[in-house]
Each structure stands twice: as structure tokens, then as C-alpha cells.
Amino acid sequence: MADANSSSGPQAGDSPRGFVFALIAYVLWGFLPFFMKAVAHIPASEVVAHRIIWSVPLAGLVLIWLGRTSEIKVALRSPRMLAMATLTASLITINWGIYVWAIGAGRAIETALGYYINPLFSIFLGAVLLKEKLDPAQMVAIALAACAVAILAFDAGGLPWVSLSLCFSWGFYAFFRKTLPIGPNQGFFLEVLLLSVPALGYVIWLEASGKGHFGDTGLADVLWLLACGIVTAVPLMIYANGAKLLRLSTIGIMQYIAPTMIFFIAVFAFGEPFGTTKLIAFAFIWAALILYSGSMLRTARAKRVAAAELRAAE
């Protein structure tokens, strides 16, 4: 999944085409739990390996079609860029692995919570690591999210590690991903290209040892695993092309579409338990997101007004 922090930068205005692209991407991510539930009989590590392997040709074909392969050649000759791409690739692998496992294990609600918390964790990271100043609404929002986590931890007798792991891995991924001077499509291709070597070795080992699902367990599993590349690469590429046509504030609001869909799917389609304690915790999260979104929209509006006044003065 993507968030406002992983977009290409602030936009002067929203393009209807960009809105449609982003909406399609977030809806596809929202429906992803159904796919992951269908492959729940396959170990999460094997599913992730196939997500990586089959994303490479798809992402590569898109770059060739767009004529944007030159940045990849430059990146492959830069040790620093390769090191940073290896770091971001490792983080996204952790995120994918936890997500795939959690859906199959009947913990989709916890994945929704993790992606709800993520934007708040991102602004917390910015404050701690980049010394960005938080406004009062953002500080209250972070405090409310911390209360939600504390409530869930008290109820379960331990931290909600699935939610926090997804939040932290994606938050740090988005943070370090911004250090790569490369476009989103190119960056994604570089990451899966680097990951494809160990992923391919792992799949070959699984098949050689008779533990794999690509061929020995029927045509259905082969098709499911081939589709892993489509469900991984297509939404990311669509999102990358939509994000650059939208303002950060618009993306910041739209990023709640996917976790909201995951939440409703978990409760009403998968029948996961959602008791009073979780309701209270999610109420804290939703209140935090309302505060965060309101603060973000006010900031964006103030910047537009200031820019308009500056243009008028000229």
C-alpha cells in the first residue's frame, strides 16, 4: 500500500485523471484480502517470493513501454543507490510477509489498524528524525493513536504486534524510499529486481524439495501464484501515475480507502470478532485520523491562499 509520504510531491491542483488512477489503486488494495485469503493454504513466504518474481517482468515491460529504463542503468552502477534500494526492498518484504500471513491467519482487522495508524506514525517519524514541528492537532492525534494501541495491548495482554509491525515497516519504507533519487515505477522495479535473486533461489529450493506449490499441487495454485505479480505490480504502478497528478492533501485523505475496505471485509465477509474493546480502540483511531486530516487540509488551504496572494502581489 502507499501513503501520502510516498507520492511524488505536492501538486498545484488535482487532475480528474489522477483521482481516477489513485481511486482504482486504493480500491484494488482494499479488495486484496480476498486474494490473500484464496492463497492462505500456501505459506506466506512462498506467496511473497512469487509476488516478487512475477512483478519483475510486469514492471520491466511498463518501464520499456514508457521508455524510462535509463534511470535503472544509472542505479545499477551506483553502490549508494543499490544499498538504499536494498534497505527499502528489505522493509517492503517484511511488510508484505506480515500482511500475507495476517490475512490468512484471520487477523485482517489488525492489518486495517496498522494502515490506519501509518500516517500518524509517518508524521511522528518526521518530528523525531527530521525535526519537523508538529501542530497541536497532530500531537493530539498521535496521543489518541497511542491510547488505542494501549487499549488493545491491555485487552490482549501484549502489544498488537501485527498492526505495529505493518505500521513501522511501511512507515520506515516510505521514509527511506524518499532518499532514492528515482521515479516510483523505476524504484519499484529496482526493488523487486534486487529481491528476485533470493526469491527465485527460494522458490527453486521449495520445488526441488517437494514443498512448493508451483506445479505439484495443481493448475489452480500455479494460476494463483502467477497472479501474485499482477495484484502486486498493477496497483502500485497505477498509484504511482495517479499520485503525481494529485495534491498531497488529496492523497492523504484517499489513503484511508484501503484500510476502511479491509476493516469492513474483515468484519462482514471474514467474520472476524469485533468486540467492545476493539470498537473503543478504533474510535480513538478514527478520532485521531479526523484531527490529522483536518490539520492537513487547513495547512494545504493556507499554503494555497499564501501562494495566490504571492501571485497577486507580483
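By buried I mean under 20% relative accessible area, by exposed over 50%, and by partly exposed anything in between, with a 1.4 Å probe and protein chains only. With that in hand, hello everyone, and let's start at Ser-45, which is partly exposed because its relative accessible area is 39%.

A quick word on the source. This is a predicted model, where local features need pLDDT of at least 70, side-chain atom pairs count only at pLDDT 80 or more, and totals for chains, interfaces and linings use all residues. Residues are numbered from 1 along each chain as its sequence is written, and side-chain values use heavy atoms, leaving out hydrogens and water.

Back to Ser-45, then. Ser-45 sits in helix α2, residues 44-66; helices here are DSSP runs of H or I with at least four residues, numbered from the N terminus. Which side chain does Ser-45 join in a polar contact? That is Tyr-202, at 2.7 Å. A polar contact is a pair of N or O atoms within 3.5 Å; within protein, one must be able to donate a hydrogen and the other to accept it, and residues adjacent in sequence count only if both atoms are side-chain atoms.

Our other serine is Ser-163, in helix α7, residues 161-177. Ser-163 counts as buried because its relative accessibility is 1%. Leaving aside residues up to four places away in sequence, Ser-163 touches Glu-110, Leu-113 and Gly-114, where contact means heavy atoms within 4.5 Å.

Now the rings. The whole structure holds 24 aromatic pairs. Rings of Phe, Tyr and Trp (its six-membered ring) pair if their centres lie within 6.5 Å; planes under 30 degrees apart are stacked, over 60 edge-to-face, and the rest tilted. Take Phe-35 and Trp-224: their centres are 5.4 Å apart and their planes at 70 degrees, so this pair is edge-to-face. The pair links distant parts of the chain, with Phe-35 in helix α1 (residues 16-38) and Trp-224 in helix α9 (residues 219-243), 189 residues apart. Phe-35 is buried at 10% relative accessible area, while Trp-224 is partly exposed at 33%.

Please also look at the aromatic cluster whose members include Tyr-116, Phe-263 and Trp-286.

Finally, two charges over rings. Lys-37 lies over the face of Phe-270, 4.7 Å from the ring centre, and Arg-51 lies over Trp-96, also at 4.7 Å. The criterion is NZ of Lys or CZ of Arg within 6 Å of the ring centre and within 35 degrees of the ring normal.

Key. Helices (H or I, at least four residues) and strands (E, at least two) are DSSP runs, numbered from the N terminus.
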